[in-house]
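Here's a quick briefing to read with the model open in your viewer. Have a look at the rings and a couple of loop positions as you go.

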Amino acid sequence: MRFWSYINGMKTSITKMLGIKHPIIMAPMFLVTTEEMMIAAGESGITGCIPALNWRSIEELEAGIKKIQAATKAPIGINLIVNKSNPLYKKQLFKCLDLGVNYFITSLGSPEEVIKESHKQGVKVFCDVIDGDYAQKVEDLGADAHIAVNSGAGGHLGNIPATILVPMLKAQSKIPVIAAGGIGEGHGYFSMFALGADAVSIGSPFIATKESKINDGYKQACVDYGAKDIVVTTKLSGSRCTVIKTPYVEKIGTDQNFIENFLNKNKQAKKYAKMITFWKGMKLLEKAAFSASYKSVWCAGTSIEFTEKQSSVAEVVDRFVSGFEKAEKEFESRRNSP
Ligand SMILES: Cc1cc2nc3c(=O)[nH]c(=O)nc-3n(C[C@H](O)[C@H](O)[C@H](O)COP(=O)(O)O)c2cc1C
């Protein structure tokens with residue numbers, strides 16, 4: 001593995017495992033994460049993880065990974081959707097392993113095969129988990145860390161707040177816990193370590209960055225809207241997912257309609273109804289992210305609250321790192337002044 005080593009920076013089991021300066025993963029974001037964001041994250045002392053599905057074909061995935069590897073020595077993470085909604089999963093897995101990526105983040109489905117194949121080559125596997133039962137399952141399968149997706153996360157969110165989920169997983173697990181969800185600035189970042197996290201995974205604050213290829217409307221919405229404007233919808237994939245409450249989202253509502261509901265409950269139709277909902281939802285997101293469409297369905301979490309301007313990935317990392325130091329100092333001075 002080709003890793004950076006650092007003299008300074010925060011040391012945790014994850015910075016040691018990955019060889020990064022700051023214990024931050026730039027979380028994988030469908031449509032949003034780009035090769036340029038991955039390079040900028042790596043060069044800023046953190047690591048980025050990109051969904052394999054952000055490339056349309058295996059050839060594009062290969063060219064993209066090679067481009068990132070040529071530009072930065074930082075570890076590269078790939079997010080694999082491991083359930084049936086991703087027909088390219090096996091090809092993506094073996095191509096990534098051939099290319100020598102450093103770790104995977106698995107979501108939706110069993111990570112068993114990914115763990116087995118990756119460990120043959122010393123590649124790490126972190127698994128998205130939202131509760132203790134599932135965390136136990138992936139740990140038994142050999143996962144190298146939990147990504148603890150809490151109820152404040154952007155995208156597909158969990159049900160349990162970070163203040164419960166992180167210490168709960170910490171108490172039951174032997175592997176590191178990476179906190180994901182609702183970390184918007186330095187105090188939130190700092191607080192995750194008090195809860196017991198070994199690293200954090202941050203998504204939404206990286207949406208409004210110049211290295212992303214999504215349209216300006218989506219980026220500016222992350223600046224203009226805040227935590228109070230985030231709603232949870234089941235319209236996109238059938239599962240609960242956070243979006244910005246734009247006028248269009250208000251118009252179409254956040255619940256599945258009568259027909260979708262009926263089909264999703266019907267034994268025979270269920271499987272197909274889910275696939276159609278998922279496909280339609282992904283197309284809607286893609287259109288809203290890349291073309292001029294009044295159908296503004298933009299996925300983001302409450303952690304956009306502190307996004308005050310469009311900036312670069314390096315500036316976002318710096319905001320978190322300096323914010324952490326500020327929060328730490330404030331904490332010390334509060335503790336010491338009666
Ligand atoms: C726009 C967007 C797209 C996302 N796409 C994916 C994805 O493709 N795969 C995945 O595992 N998680 C995805 N997530 C979840 C993130 O990886 C991460 O868990 C989440 O962003 C953490 O919460 P935060 O946004 O408050 O930082 C997405 C989140 C957002 C906001």
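Arg319 sits over the face of Phe320, 5.2 Å from the ring centre. Keep in mind that this is a predicted model. Phe320 itself is buried, with 0% relative accessibility, so it falls well within the under-20% cut-off.

**Aromatic rings**

- Searching the whole structure turns up eight aromatic pairs.
- One of them joins Tyr189 and Phe320 in an edge-to-face arrangement, with 6.2 Å from centre to centre and 80 degrees between the planes.
- That pair ties together distant parts of the chain: Tyr189 belongs to helix H8 (residues 186-195) and Phe320 to helix H13 (residues 313-336), 131 residues apart.
- Why edge-to-face? The label applies because the planes are 80 degrees apart, and anything over 60 counts as edge-to-face.
- Tyr189 is buried too, at a relative accessible area of 2%.
- Zoom out a bit and you'll see ring pairs linking Tyr189, Phe190, Phe193, Phe320, Phe324 and Phe331 into a cluster.

**Asn86, in a loop**

- Where does Asn86 sit? Look in the loop between strand E3 (76-81) and helix H4 (89-99).
- Leaving aside residues up to four places away in sequence, Asn86 touches Leu53, Ile81 and Gln92.

**Ser110, in another loop**

- Ser110 is placed in the loop between strand E4 (103-107) and helix H5 (112-119).
- Is Ser110 buried or partly exposed? At 43% relative accessibility Ser110 is partly exposed, because that class covers what lies between the 20% and 50% cut-offs.
- The Ser110 side chain reaches the backbone nitrogen of Glu112 at 3.2 Å.
- Which residues does Ser110 touch, if you skip those up to four places away in sequence? They are Val82, Tyr134 and Leu141.

Note on methods
Residues numbered from 1 in each chain as written. Predicted model: local features only at pLDDT ≥ 70, side-chain atom pairs only at ≥ 80, totals over all residues. Heavy atoms only, no water. Phe/Tyr/Trp six-rings, centres within 6.5 Å; stacked < 30°, edge-to-face > 60°. Helix = DSSP H or I, 4+ residues; strand = E, 2+ residues; numbered from the N terminus. Buried < 20%, exposed > 50% of the residue type's maximum accessible area, 1.4 Å probe, protein only. Lys NZ or Arg CZ within 6 Å of the ring centre and 35° of its normal. Contact = heavy atoms within 4.5 Å. Polar contact = N/O pair within 3.5 Å; in protein donor to acceptor, adjacent residues only side chain to side chain.
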